[in-house]
Amino acid sequence: MKKTYKIDVDCANCANLMEEAARNTAGVKDATVNFMALKMKVEFEEGQDVKAVMENVRSNCKRVEDDCEVYL
């Protein structure tokens, strides 16, 4: 399953850090951040609880960029 989320991030480098953090989250098959569109596309591994995985993605993104936001 793939879903798109609105994000709030201030710079392209921070967006790259968010993308890497999202990709390294358990339950995420792939993630792509588009800084210009302020969107994050996430592909989930089969059978995952999307809401729980996205809470972990948000938490991991905040570790690398504390003033970013992922709108669930």
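Reader: Okay, I see it. What lies over the face of Y71?

Author: That's K6, at 5.6 Å from the ring centre. Bear in mind that this is a predicted model.

Reader: Got it. And which residue stands opposite K6 in β3?

Author: K39 does. Elsewhere, K3 stands opposite V42 in β3.

Reader: How many bridges join β1 to β3?

Author: Five, between β1 at residues 2-8 and β3 at residues 39-44. The two strands run antiparallel.

Reader: What about β1 and β4, how many bridges there?

Author: Three, and that pair runs antiparallel too. If you want a spot to look at, D8 stands opposite E69 in β4.

Reader: So what's the order of strands in the whole sheet?

Author: Going across, you get β2-β3-β1-β4. The sheet is open, has four strands and pairs in antiparallel fashion.

Reader: Which ones are the edge strands?

Author: β2, covering 28-34, and β4, covering 69-71. Each of those pairs on one side only.

Reader: How much twist is there from one strand to the next?

Author: On average, 30°.

Reader: Now helix α1. Which strands does it lie across?

Author: Helix α1, made of residues 12-23, lies across β1, β2, β3 and β4. Its direction is at about 170° to β2.

Reader: Is C61 buried or exposed, then?

Author: Buried, because its relative accessibility is 0%.

Reader: And C14, buried or exposed?

Author: C14 counts as buried as well, with 9% relative accessibility. The limit that matters here is under 20%.

Reader: Last one, back to rings. How many aromatic pairs are there?

Author: The count comes to zero aromatic pairs. For Y71, what you can look at is K6 over the face of its ring.

Note on methods. Residues are numbered from 1 along each chain as its sequence is written. This is a predicted model: local features need pLDDT of at least 70, side-chain atom pairs count only at pLDDT 80 or more; totals for chains, interfaces and linings use all residues. Side-chain values use heavy atoms; hydrogens and water are left out. Two strands pair if DSSP finds at least two bridges between them. Axes are lines fitted to C-alpha atoms, for helices over the stretch in contact, and angles run from 0 to 180 degrees between N-to-C directions. Contact means heavy atoms within 4.5 Å. Rings of Phe, Tyr and Trp (its six-membered ring) pair if their centres lie within 6.5 Å; planes under 30 degrees apart count as stacked, over 60 as edge-to-face and the rest as tilted. A charge sits over a ring if NZ of Lys or CZ of Arg is within 6 Å of the ring centre and within 35 degrees of the ring normal. Buried means under 20% relative accessible area, exposed over 50%, partly exposed in between (1.4 Å probe, protein chains only).
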